[in-house]
Each structure stands twice: as structure tokens, then as C-alpha cells.
Amino acid sequence: MTRRTLTGWAIGLALLPGIVLGQTILSRDPGLGAGSLGGTASPPWTGDAALAPAATPLGNDILGDRTPGAAALQAVDPDADVTLPARPLDGAPDDAATVLADSMVLQGDRTLIAAGGVVVWYGGARLVASRIVVDGASGNLTIEGPIHLSRPGATDPDDQAVLIADSGQLDRELQDGIIRGARLVLARELQLAARELTRTGNGRMTNLRQVVASSCQICASDPTPLWEIRARNITHDAETRLMTFDRPQFRAFGVPLAAVPFTITAPDPTVERRTGFLRPEFRTTSGLGFGIKLPYFITLGDHADLTATPYVSASRTRTLELRYRQAWRNGVTEWNGSISRDDIEPDETRGYLFGNALIDLPRGYRLGVQVQAASDRGYLLDYDITDADRLWSGLTLERVTRDKLFFGRVGNYHSLRDGEDNQTSPAQVADVIWQRRFTPDYIGGQGLLEWSVHAHRRPSDQDGIGRDMARGSIGLDWRRSAILPGGVVGAALAGIDADIYRIAQDSRYDDLEARADPILGVEFRWPLIGGSNGATHMVEPVAQILYSPSGQDDDIPNEDSRLIEFDEGNLFSDNRFPGWDARESGLRANLGVTWTRFDPTGWSLGLTGGRVFRADPDPSFPVGSALAGRRSDWLLAAQYDSGSGLAIANRALFDDGLDMSRNELRLGWLRPDLQLSAGHLWLDAGGGDANDRGADRGTTVQAPDVSELIANVGWQIRDGWWGSAETRYDFVANRAQRASLDLTYRNECLTVDMGVSRRFTSSDSVRPETSLGLSVRLGGFGASEDLPGTVARRSCLR
């Protein structure tokens, strides 16, 4: 690139292409949009990409490993086939024009003069003028204004150019010619006012002389826009949808701020993908100081793109961020990474790489590839990438049909937690799950056959802490329902699960272990419905009785069922352990009732309550947990939906003495001027789910009390101003874990994002940090993004 000497008002000129002419074609991209300020943005690996078909993230939802998933890849249709604003013509070249006027005179030389409210339709274009003269020999038009030239018959008229002028001369196709006192409006957003406008190439090229460009509302009483770009010439190419500015000068409130002595190219408002600068981001953090990011987007055809983002701070960091995306007919991929040298870790090269790909294979199979690597967790937090502290890299293969499911994966975990040793944690993991649903002959009902294989390896070779395991399992479940007298729905349940384990590097267990767990049960539901005063009431009591042989799985280490949940989702479940290593046993009854009220005004209220009774305590549950003993804690859950945007849900666990062990409250309120999402979780260390069963059976780990609030709120402060705040507060430690505040101002021609965030957590590798962010986007260059809230628009009083 040739280095040029800047003249004129060149202060901050390096930022001008991004601020004035920068595209926002990917402003919704992670890390580049408005939300990236103040540390509240979605990181590059969690946002929606502009390429690739919508797909499930590669994170393993089936196994719930709690590692970060990859980007939710999407694709957009290529924009190579473009209908130009004025070409080609919709009709044949010899199509006749339709003219409507107050008076029309045809002279002897076949010259047509139309005057008074003239409207001409031709080739999909519409011309409105006060008077036109059509030359009989050439067919050219001499037009007196005010002139209004548009294409209302286009596929998307809002994206087409509208030409307004005082007078002009056009050819018979209403395409090429010279227009004086012209104003060109692009996509009803960007206005270009010029003394003279020339159109050539059948309407493709539009050249404006002595131009002022702005997307701000201009009033006669105050003709100075908030910002404007002045240039000697501006050329608009309707085919490439690019604008070329000759020696542009940028002004704000009429005051010149920057100018360049050469030409600059920018996209018009209809462009969604185009090579060029994206808007810059100013970022200040306590760890890195003041810095600026200046992303440059490169299109590699309709199938791929590359974004390079230099990030430079005054004295702390030199960083290059890269993102590559590509889409094929049957696959997509996205890779994000960066490399840094900073003063946080002097003389160290830091960085990260997150990548994923999805490939559609024959017969409905889908292959996934995911790579996640980082030099240290502090890097991911310092550079606002993600707060994940455990990464997974590997391959997945899945296929889901109406009655079958197949899922397999193999990969490697890497922990970034300070207190977790990668040598003694399961690192290499492989899983295969196959399920088939079927209808058995003779006995009817619904059956589910499942087999699965799991293996994991710890890098350590020490006995006990380096234990490696492999498991093979097969399960068969059957259920048949029938309607009994009185409207009772009865069901019979049966099933069996068998496992074989291979345990290595742990002398406390035999090398080979096998087990089989059958289960029998019945279920009765009595759905009732009634009404009063226009409201509908639904009540459904449920009783479920299950039996499986009692036993204690001391011969098998518990690796995958250490966190046990008890909620309305598994109240009527035959097994509440999330994995395979532990299963419920003994004679037990799951009892509960659900009541729902639907009000004619639109709101609804639902309550669910229940409890588990056992003939004998199940030793698989830790002492003091919500499911331990012969009677579980009471479960009570409530949900309220106003029907107009407000939703409240609460779930509580408590014993016979009403001593609560867990309470979870969630609140959501969605209105045009308010978006609220909040949740509070309280756990008692003496019971409920706060107890965690150790990896070796018989060990109970006492967890600390938990009282934590998480809240996100966005609200319309006033017209054009949108605020959003986020917090996570730990009431036990009496301190916040993180907090942020973002402000966005939008009018018809400008978007300003400001944000501040604070992370309070600290450890050996992570320290508290405060960050500030600022980003500015000028309207009219590249496609605009959808943001919440209203837009402040300037009104012109007459």
C-alpha cells in the first residue's frame, strides 16, 4: 500500500475510513457490533456468523459437559445476482410509455409537450414532473421540475435509488442524461445533493458534481446537518453498489474535521458484504490501557471472508485478531484467533484459537470439528473473548431421524482453572450413543432401545488419581398407556439397563465390573378440566410407583453423576441421576399434582407440587440432599405469564418443617421499552443440591452456601437513548462478580455506543479489571443493524 501524505484537517484521519466510510455489513458479528463495548459483547465464538447454515453448536448438549460450544454458524444467500436500480429494463425496448398529464400537445415534427402534473411510466420507472418535452426524432426528454424519478415496480422499492431534481435531460429509457439541482436518495437513507448529476451506461453510473452527502434530516430553518461529507465528485455504481468520493471532507455541525486529497470508496446502504473497514472500537481497560481496534473485512467471493483486526494500545499490547469463514454446499467453517505481545505477561507470546466446522454427510449424518486452545485463561478474560475455564477440542458425528438417534464424539478436554490439574482430570474422552424408538409386536406400547459406549483417560499414571475408565451399556425401556374408567390415564412401565466397566490405574476397584438394573412400575394420571367466570382450570394429579432391586454401586466409581437436580422436570422420572454410573433403586413412589388457570384476559398461572416416598433410603443419594432418606423434600414450582410480556417462575425445595434447602426465582419482562431478565438462586449448604457426591462412593463433599443474583436489563431512557445493564452479585461473599452498563444513542444518521464494565473476580491467573468502550457508526454506509429501542428523528417545523 502506498503511503500518502495527508493535508487539510487530518487530525484523526486514520480513523476516518472506519468512522465515516466504514461498513457495518457485519456489525452484528461478535466483537465488532454495538454489544462489544464494556465487556458485555458476545465473544467471537458464541455469536451468529453471517456465513453457513443454521446448525446446533458443537458443544455436546446430550452429555452436558458444560464446556463452551462453538459459533452457531449460519449462511446468507449470495448477492451476486443483483437487480440493478435502473437496469436492465423490465419490458422490451419497443414497449410504449404511459403518459398522464393535464395537457398534451403533439407538434408536426412529432414533438410531444406534456404539462401540468405529468407522470410517465416506462420500463418499471416512474417520472413525475411539471412539464416535459419529448423530441420526436431522438425520443430524448427535456424535463422541468420539480422532478421525481423512482422505480415503484421494483422487487424491493425501499432499496432502490430515488432521484429528485429541478430540471434535466434524459434519454427515452429514462436512464441516461444530465440533471441539474439533483438530489439522489439511496435506500431512503443516504442523501446526495449536487449541482449537476450525469447518468450513463443505461443508468448504471451516476456522477454528481459539487456534492454534499449525509443521512441526517435537513430542515429549511436549520440546513446544517449533524454530519456531512463534501466532495468534488461522487460516483455511484448501481451494479457494484459502490460510491467513490473524490477528495472528501468530513464535517460535523458544519465544522470541517478531516479531509483527504485522494479518492475513497464506500458501499451504499444496500450492501451487506463488501471488502472494507468496519467501524473502529475504542477500548480502555485497567490491564491494557487505552487502545483502538480497526477491523478490516475482506470478501473472498460469495463463499468466504476474512476479517483482520489490529488492536493497539498506547504501551501495553500489540495484537492481531483474525477471523476466517467459509461455506460450501454441504459444509461450513469459522475460525477465530489472535496473537498478542503485552505488558501483562512480559516477554510472553499469548493467544488463542477457536474454530469449528459442520459438514453434511450422506444419509443425514453431520460431522462436526471443533478446536479450542488458549495460552492461558487470563488471556481470554483480558481481551474479552470468553469467561470459559474449560475447553474441548475434537470430532462429533450425529444423525437424528424420526425414530433413531446417533451421536458420537471423541476429543480432549483442557482446563484453565487454577485449582484443577489437567494430569488428574479426564482429558481424552470418547462417547457413542445410539437410540431407537419402536412399537413392539403383541404387547403394543412404545419401546426405546439404547446402547452407549464411553471411555476417558487421565494423563497421570499414579494409582487412584490417574484412574482410567471405559464403559459399555445397553438399555431397554417400554411404556404402554390406556384410558381407564373415570378418565384416569394408566400406564405400565418396564425396563432394564446393563453395564460393563473396565477400570484401570485404581487398585481400589476390580479391573472388570458388570451390573444389571431392571425396573417395573405403574403410573396413573387423572386430567380434569373445568371453568368459572370465563376462566379455565386444569388439574392433574399423578401417582407413579416404581421398583428396582435395592443395591449400592460401591464397586463402580461415580464419575458422571455427581451433581443431582430435583425439579418439576424429573419429579416423575425413574432415575434422577444425570449419567450412567449411578441409578436409583428400591421401592419408591413419585406423587404430585399440577394446577393451571387460564384467564380470558390472557394471563395464566400454573402450580406444580410433589414429593418422592421410599420404602427404604437409597444409599446412592448423599446424606442431607433433597432426595435422601425415606421422604424427599417437598417440591413446589409456580409459573405466571401475564400474556403481555411478563413471566415469573419460582421453584422451591423444603422439608416438613418448612426449612428451605433451595429456592430459585426467575423473572422476565419484555416490552418495547423494557427488556428485563433476572434470576436469584439460593442454596443451603446443609441440604438440597448443595451437597456434591465425591468421585468415590461414600464421600460427601460439603458445598458452601449460595445466594447469587444475575440480572440483565435494557430500557428506553428517552427517544433515541437505549441503556442496558448487567450484574452478577454474590450475597454470601457480599460482593459483585461482574457489572456493566452500556448506552446507545441512535438518530436517523448516527449510532454511538458507550460502555463500562467491571470484573471483580480474582485468582492466581486472573485479576479484577475495568474496561471502557466507545464505537461510532455513521448511517448510510453499508446495511444498518437492527437494535432495540426507538430512533430519535429530527422534525422540521413549518
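Here is a quick tour of strand pairings, salt bridges and surface patches.

Keep in mind that this is a predicted model.

- Start with β10 (residues 227–237), which pairs with β9 (residues 205–214) in the antiparallel sense over eight bridges.
- Within that pairing, Val212 stands opposite Arg230 of β10.
- Arg230 turns up again on the way to β12, where its bridge partner is Gln249. β10 and β12 (residues 249–252) run antiparallel and are joined by four bridges.
- β10 also pairs with β11 (residues 242–246), again antiparallel, over five bridges. Here, Thr235 has Thr244 in β11 as its bridge partner.
- The hairpin of β10 and β11 has four residues between the strands, and Arg241 takes a positive phi near 60° there.
- Ser103 has Ala115 in β3 as its bridge partner.
- That hairpin of β2 and β3 has five residues between its strands, and Arg110 takes a positive phi near 65° in it.

**Salt bridges to look for**

- Arg131 and Glu144 form a salt bridge, with their closest N and O atoms 3.3 Å apart. The pair links distant parts of the chain, 13 residues apart: Arg131 is in β4 (residues 125–134) and Glu144 is in β5 (residues 141–150).
- Both ends of that pair get a label from their accessibility: Arg131 counts as partly exposed because its relative accessibility is 28%, and Glu144 counts as partly exposed because its value is 38%.
- Arg350 and Asp382 make another salt bridge, with the closest N and O atoms 3.3 Å apart. Arg350 lies in strand β22 (residues 349–360) and Asp382 in helix α2 (residues 377–382), so this pair ties together parts that are 32 residues apart in sequence.
- Are Arg350 and Asp382 buried or exposed? Arg350 is buried, and so is Asp382.
- Asp656 and Arg631 meet through their side chains in a salt bridge, at 3.5 Å from N to O. This one links loops, with Asp656 between β36 (646–654) and β37 (660–671) and Arg631 between β34 (604–614) and β35 (634–641), 25 residues apart.
- Asp656 counts as partly exposed because its relative accessibility is 44%, and Arg631 is partly exposed too, with a relative accessible area of 48%.
- There's also a network of salt bridges that links Glu565, Glu568, Arg651, Arg662, Glu664 and Arg666.

- Asp555 sits in the loop between β32 (535–548) and β33 (586–598), and it is partly exposed, with a relative accessible area of 46%.
- Phe524 is found in β30 and is partly exposed, with a relative accessible area of 38%.

**One more spot**

- Val593 is in strand β33 and is partly exposed, at a relative accessible area of 38%.
- Val593 and Gly609 are 16 residues apart in sequence, and their C-alpha atoms are 5.6 Å apart in space.

Technical notes:
Residues are numbered from 1 along each chain as its sequence is written. This is a predicted model: local features need pLDDT of at least 70, side-chain atom pairs count only at pLDDT 80 or more; totals for chains, interfaces and linings use all residues. Side-chain values use heavy atoms; hydrogens and water are left out. Helices (H or I, at least four residues) and strands (E, at least two) are DSSP runs, numbered from the N terminus. Buried means under 20% relative accessible area, exposed over 50%, partly exposed in between (1.4 Å probe, protein chains only). Two strands pair if DSSP finds at least two bridges between them. A salt bridge is a side-chain nitrogen of Lys or Arg within 4 Å of a carboxyl oxygen of Asp or Glu.
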